[in-house]
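Here is a friendly note to read alongside the structure.

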Amino acid sequence: MGRKSLAEERIEQILDAFEVTIIEYGLENSSLERIAQVAQVKRPIIHHYIGNWDDLLKALVKRTMIREELAMRERLSELSENSMLPELLDLLFPPKIAEDEAQTS
């Protein structure tokens, strides 16, 4: 298999930096300037490879959803048919969330 294209590498670099800035500064303080600084690129590079703020946010959400889906599929593929349903329910509705909801009702 060939090497990732520069565009793929840049997009991953930018999205990784966006995740870091959200963790460190929160979503509201994750400006394009700050993301560019963390990614070690100039701000126009973000616009070139991904687009504006909304496009960046959509790309990060999409990447996160794809990663979570792949992780869930991998986890479920390791289960027997009998344990799949309870495990899937625990994935979708973790016991802690169910406990918290029961306490607020």
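1. Let us begin with a pair of helices. In this predicted model, the axes of α1 and α2 come within 8 Å of each other and cross at roughly 115°. The crossing of these two helices is right-handed. On the α1 side, the residues that meet α2 are Q13, I14, A17, F18, V20, T21 and Y25, and their partners in α2 are R34, I35, V38 and A39. Sorted by type, the residues of this contact divide into eight nonpolar, two polar and one charged.

2. Now step back to the whole chain. Its secondary structure comes to six helices and zero strands, so to read along from the N terminus is to pass α-α-α-α-α-α, as DSSP runs are numbered from that end. Of the 105 residues, 18% count as buried. Among contacts between residues at least 6 apart in sequence, 48% join residues at least 24 apart.

3. T21 deserves a look of its own. Where does T21 lie? This residue is part of helix α1, which covers residues 6-25. T21 is buried, because its relative accessible area is 0%, and the cut-off for buried is under 20%. Leaving out residues up to four places away in sequence, T21 touches G26, S30, R34, I35 and V38. Of these, R34, I35 and V38 are also listed on the α2 side of the contact between α1 and α2.

4. As a general background, nonpolar side chains tend to be buried together in soluble globular proteins. Here the largest nonpolar core has 13 residues, and I14, I35, I46 and L56 touch the most other members. The elements giving two or more residues to this core are α1, α2 and α4.

5. Which residues are in contact with L56, once its neighbours within four places in sequence are left aside? They are I14, L15, F18, L32, I35, I46 and I50. Among them are I14, I35 and I46, which are named together with L56 as touching the most other core members.

6. On to the charged side chains. How many salt bridges does the count come to? The count comes to seven. One of them joins R63 and E12, at 2.7 Å from N to O. R63 lies in helix α4 (residues 53-77) and E12 in helix α1, so this pair ties together parts that are 51 residues apart in sequence. Is R63 buried or exposed? R63 counts as buried because its relative accessibility is 8%, under the 20% cut-off. E12, by contrast, is partly exposed, with a relative accessible area of 26%.

7. R63 has another salt-bridge partner in E19, at 2.9 Å from N to O. With R63 in α4 and E19 in α1, the pair ties together parts that are 44 residues apart in sequence. E19 is partly exposed, at 24% relative accessible area. Setting aside residues up to four places away in sequence, R63 touches E12, L15, D16 and E19.

8. A further salt bridge links R43 and E33, whose closest N and O atoms are 3.5 Å apart. R43 lies in helix α3 (residues 43-49) and E33 in helix α2 (residues 32-39), so the pair ties together parts that are ten residues apart in sequence. Both ends are partly exposed: R43 at 35% relative accessibility and E33 at 46%. Elsewhere, salt bridges that share partners join E12, D16, E19, R63 and R67 into one network.

9. Finally, a backbone detail to check. Most residues other than glycine have a negative phi. Q40 has a positive phi of about 60° although it is not a glycine. Where is Q40 found? Q40 sits in the loop between α2 and α3. Q40 counts as exposed because its relative accessibility is 70%, and the cut-off for exposed is over 50%.

How values were computed
Residues numbered from 1 in each chain as written. Predicted model: local features only at pLDDT ≥ 70, side-chain atom pairs only at ≥ 80, totals over all residues. Heavy atoms only, no water. Helix = DSSP H or I, 4+ residues; strand = E, 2+ residues; numbered from the N terminus. Buried < 20%, exposed > 50% of the residue type's maximum accessible area, 1.4 Å probe, protein only. Contact = heavy atoms within 4.5 Å. Salt bridge = Lys/Arg side-chain N within 4 Å of Asp/Glu carboxyl O. Axes fitted to C-alpha atoms, helices over the stretch in contact; angles between N-to-C directions. Left-handed = near helix turned anticlockwise from the far one by under 90°. Nonpolar A, V, L, I, M, F, W, Y, C, P; charged D, E, K, R; others polar. Core = buried A, V, L, I, M, F, W, Y, C linked by side-chain atoms within 4.5 Å.
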